[in-house]
Amino acid sequence: MHFEGIHRTASSAPVWTLDARVESWLDIAGSCLEHGGRLVSIWGSASGFVHAAYVFPEGMLVARCAVSGEKIPDLSKMFSCASRMQRAVSDMLGFGFDQADDRPWISHGLWPRHPLKKDFDPEGQCMSFEGDYPFVAVEGEGVHEIAVGPVHAGIIEPGHFRFQVVGEKVLRLEERLGFKHKGIEKAFEGLSFIEGARLAARISGDSTVAYSWAYAMAVESVCDVKVSERASFLRGLLLERERIANHLADLGALGNDAGFSFGLAQFSILREDMLRANRDLFGHRLLMDLVVPGGVLKDIDSAAKDRIAGECAILRKKVEDLREIYVDHTGLQDRFIATGKVAPELAAKLGLTGLAGRASRNASDLREEHPYPPYDKLEFAMATHHGGDVAARVSVRFDEVFESLRLIEQMVAKMPEGETVIEVPPCSGSGFGWVEGFRGEVLIALEIEQGLISRAHAHDPSWQNWPVLEFAVIGNIVPDFPLINKSFNLSYSGHDL
Amino acid sequence: MYRILREILKNGIKTEPEPKPDASLRTRALGKDASILTGALTVRHVDAGSCNGCELEIHALNNPYYRLEGLGIGFAASPRHADMLLVTGPVSKHMEEALRKTYEAMPEPKLVVSVGDCGKEGGVFCQRKNYACKGGVGSVIPVDVEVPGCPPDPAAILQGILSALRLS
């Protein structure tokens, strides 16, 4: 990063900020691309700024630029994932971007326009345009359309998928999301940073530790508070438990989606055992509301450490046995291999990130690249795969379960002494939290004025990966879509906010 | 095949006894026709804007510990086959119409169980007025049973489902 005026924030992850101008907006993106970096997130604020967060080899650079009515240059030509983020910024704040696709994205027209503006009137006029949302249609002999959702045929979150198919083969998929939009970013405004933690924990229920941690890291970065080593170890312990529990659920569900219900039954037993241990040790099955600004609310004693060590040994053996069964099962592998393939070159071009990215050789993992505490004190090897298909995403999940178990064992063995939580005094400023959740990197950007939140932005890696799913299904058959979708396991709630 | 059987045998039977219905979870009296569903109930789940936490616990109902299907309760892909709606979330305005249409598509008798604090009264998202949410499920469709919790654990959700069917 060779920019004038960059400033290192107090975040425990390496995050820099830069005040940019509209004229240099594209240069920063170009420089990032040149260095093999990636775009993480774009967001706006009512005070008249647009922000873009990039990852360079040295860490994250958050560029912000004052805008006053002019068109903002389009980043989607360099980073394709920018398109939907820019559309969302337009929906929320009315900023204009210089891009061809100016359809609304998060808004369905059922609430008044631009809810993040300061003078927003929740009782204002609104008119639904959802019935007229212009999906791209494919024409030709034998082509027909399948519309799915928002209510799906299972226990899953709502979204709409529009398939164009010939026979059983998918020619094109277009997603329509935003159904779960529940005004989270607006709801943050005016909360004290203590109250905000409860909301942050519910941005995406399956990543509650990741978001709570990112939120806490952002608050601590604003207030320039450093948590104890013990607290960071406990946070790592909770995050890795969350990762394992999610991977166990996905591994079972992926077996089931390929007709192997034995896998679902076995993995769901392992997951349930783990959630029950969470309840006994930490007081909550999904580990909600444990990571707070200043530290962690639960400590573990030596009996708990023994229980966790014993649990790790059992899990490792059971998951090894089940992996052998999965690998040797020809029927299962026949469904997994070559299904939903995103070749490494395409993944790199489209910016596939997180777990799915690692399964397409797009290797990035904050725990290795930019190890924030406690990962700077732990041995860790990132799991990758070159396959890019469902089988590769299954394989990376297995590898990550074993790696997380290794991390947990190290953290339990090396747990330093110290306070678990310290008080955070009310403060003002902006800060960032950047954490590797089970799907990929989550980011929280926070502005606080005298202890009250004036702007909070949450970014989920699903923003990058949802558009890539549209490519992953091309040429596959419709009945394989649930399997492919599950192998990505993207968040609707974390995306729709 | 041998290894699959070995794993099944090693695990044995995990199923636990189901919880007793709790009449205090009900928001209205038990209809006389609900009893015809006891023993074979088909459920349609609708996520009307949750954080996905409740869905994780609803999923757990199908694991061998709770073994929902062993009680004659299964999930259906279509509301037209469903006797009960299991609804989560602080109903987002974007999901209001879909929820109402799903309810209308069900045959009588229609039972509705709301899951979680958000399903009950909007939860953490609706502590103050929220432009994007309707609030609890009851503000959109009639509800029989409300299961509180953030999220409620699987046994509590199962208890809620059973409380919609019978009194004891």
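Residues are numbered from 1 along each chain as its sequence is written, and chains are lettered from A and ligands numbered from 1 in the order in which they are written. Because the model is predicted, local features need pLDDT of at least 70 and side-chain atom pairs count only at pLDDT 80 or more, while totals for chains, interfaces and linings use all residues.

**Confidence**

Start by colouring on pLDDT, the predictor's confidence in each residue, from 0 to 100. Chain B averages 92, and 100% of its residues score at least 70. For the model, ipTM is 0.93 and pTM is 0.96.

**The two domains of chain A**

Next, select 7-106 and 190-485 of chain A, which are domain 1 and domain 2; these bounds come from an automatic or database domain assignment. Taken over C-alpha atoms, their centres are 25 Å apart. Across the boundary, 23 residues of domain 1 are in contact with 22 residues of domain 2 (contact: C-beta atoms, placed from the backbone, within 7 Å).

On the domain 1 side, show β3 (38-45), β4 (49-56), β5 (59-66) and α2 (82-93) of chain A, the elements that give two or more residues. Here helices (H or I, at least four residues) and strands (E, at least two) are DSSP runs, numbered from the N terminus. β3(A) gives the most, with six residues. By class, this side has 13 nonpolar, eight polar and two charged residues. Ala, Val, Leu, Ile, Met, Phe, Trp, Tyr, Cys and Pro count as nonpolar, Asp, Glu, Lys and Arg as charged, and the others, Gly among them, as polar.

**The core**

Now pick out Met60(A), Ala214(A), Ala218(A), Ile444(A) and Val113(B): of the 191 residues in the largest nonpolar core, they touch the most other members. Such a core is a set of buried Ala, Val, Leu, Ile, Met, Phe, Trp, Tyr and Cys residues joined through C-beta atoms within 7 Å, where buried means 20 or more other C-beta atoms within 10 Å of a residue's own. Helix α6 (229-257) of chain A gives the most to this core, with 13 residues. Domain 1 and domain 2 of chain A each supply at least three of its residues.

Which residues is Ala218(A) in contact with, leaving aside neighbours within four places in sequence? Select Gly431(A), Phe432(A), Gly433(A), Ile444(A), Ala445(A) and Leu446(A).

**Where the chains meet**

Finish with the 39 residues of chain B that are in contact with 40 residues of chain A. On chain B, α1 (2-11), β1 (41-47), α2 (53-60) and α3 (93-104) each supply at least two residues, and α2(B) gives the most, with six. This side of chain B has 19 nonpolar, twelve polar and eight charged residues.

Definitions and conventions. Contact = placed C-beta atoms within 7 Å. Buried ≥ 20, exposed ≤ 12 C-beta atoms within 10 Å, placed from the backbone.
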